[in-house]
Amino acid sequence: MKKNIYSLLVAVLGMMTFAACTEDAGTTPGSDSQATVTLYQYTAEDPYDSDCDVRVRIAANSATTEAYALAETVTEKEQRVAQLGAEGYNDYVVANGEKLSDIHGASIQDKVFTGLKGENVITVVAVGGGSKKAAETQFTGISWTDVATGTYTFSVAPIQTIYKAQVTTTLQYCDSEPSSYRFKNLFGSGKHLKFTKTNSTYDDGGAVCRVAAQETPLTYGSYGTISVRDVAAWQNDDNYLDCALYDDGSFYAWVQYFVAAGNLGHGYDEFVPNE
């Protein structure tokens, strides 16, 4: 009886060993059977514009000898795949995409894709062992249209001291949401001031605007990050709302600058377009 049980146990262990070897094939470092890349998407940091730039990390396995990346709109990719098929599209990416210089074997490379507008898809094709395999990630880029370039003047003394009293900037509106505006790079590369234009107007024709609370890249000593908002948002009372945008791009806003510990001051920031 014991002999029979022992024989059965040996047979079961043998089956388990065989199954384990089969399941793990290609998972041991250096023994991958097919070229593969995995994509991870991150926010593009300074000096990039996170609205239309994105950082992608490409992680390749040991079977990957090289990889190629291509960014295009979702519509463009769909049309190409319909025309070429999945394998033909992989060939297209290899022929027309950018070769990733740091990808060879088990490796990692970060790449920033810039100037993406609308719905985009980033495809990376791994090549190795006579095969090609694609991975993709999607990114929605927010595009902006210039309204006017001019001078923005800060009203609060701490901002003038810590940063600048005046900055040359460009007023833009969002293509997909025309009521959304920004002053591009107002606080440095990739650091904008955003505001919203409402449907209401003042007696002089200026459109009523709102500056929602938002962080700036500036800090105030040990008190930390400086934020800005319109005075109405600060007081939670629209009777204090006094921010206007005019047809020529002129703008003023009654705003407050503050840190977590409290108020840094308030006043009228202004933007005057170049003539």
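Gln-41 is partly exposed, at a relative accessible area of 35% (buried means under 20%, exposed over 50%, partly exposed in between; 1.4 Å probe, protein chains only). The model is predicted: local features need pLDDT of at least 70, side-chain atom pairs count only at pLDDT 80 or more, and totals for chains, interfaces and linings use all residues. Residues are numbered from 1 along each chain as its sequence is written, and side-chain values use heavy atoms, with hydrogens and water left out.

Gln-41 belongs to strand E1 (residues 37-43). Helices (H or I, at least four residues) and strands (E, at least two) are DSSP runs, numbered from the N terminus. Beyond residues up to four places away in sequence, Gln-41 touches Val-54, Arg-55, Thr-137, Gln-138 and Phe-139 (contact: heavy atoms within 4.5 Å). Its C-alpha atom is separated by 9.1 Å from that of Ile-58, 17 residues apart along the chain.

Four strands form an open sheet in the order E4-E3-E6-E7, with antiparallel pairing. Strands E4 (98-99) and E7 (131-141) stand at the edges, each with a single partner strand, so one side of each lacks a neighbour in the sheet. Pairing requires at least two DSSP bridges between strands. Two bridges join E3 (residues 66-73) to E4. Ala-69 stands opposite Glu-98 in E4. Helix H2 (residues 74-96) lies across E3, E4, E6 (118-128) and E7, running at about 160 degrees to E3. Axes are lines fitted to C-alpha atoms, for helices over the stretch in contact; angles run from 0 to 180 degrees between N-to-C directions.

Tyr-220 lies in the loop between strands E13 (214-219) and E14 (225-230). Tyr-220 is partly exposed, at 32% relative accessibility.
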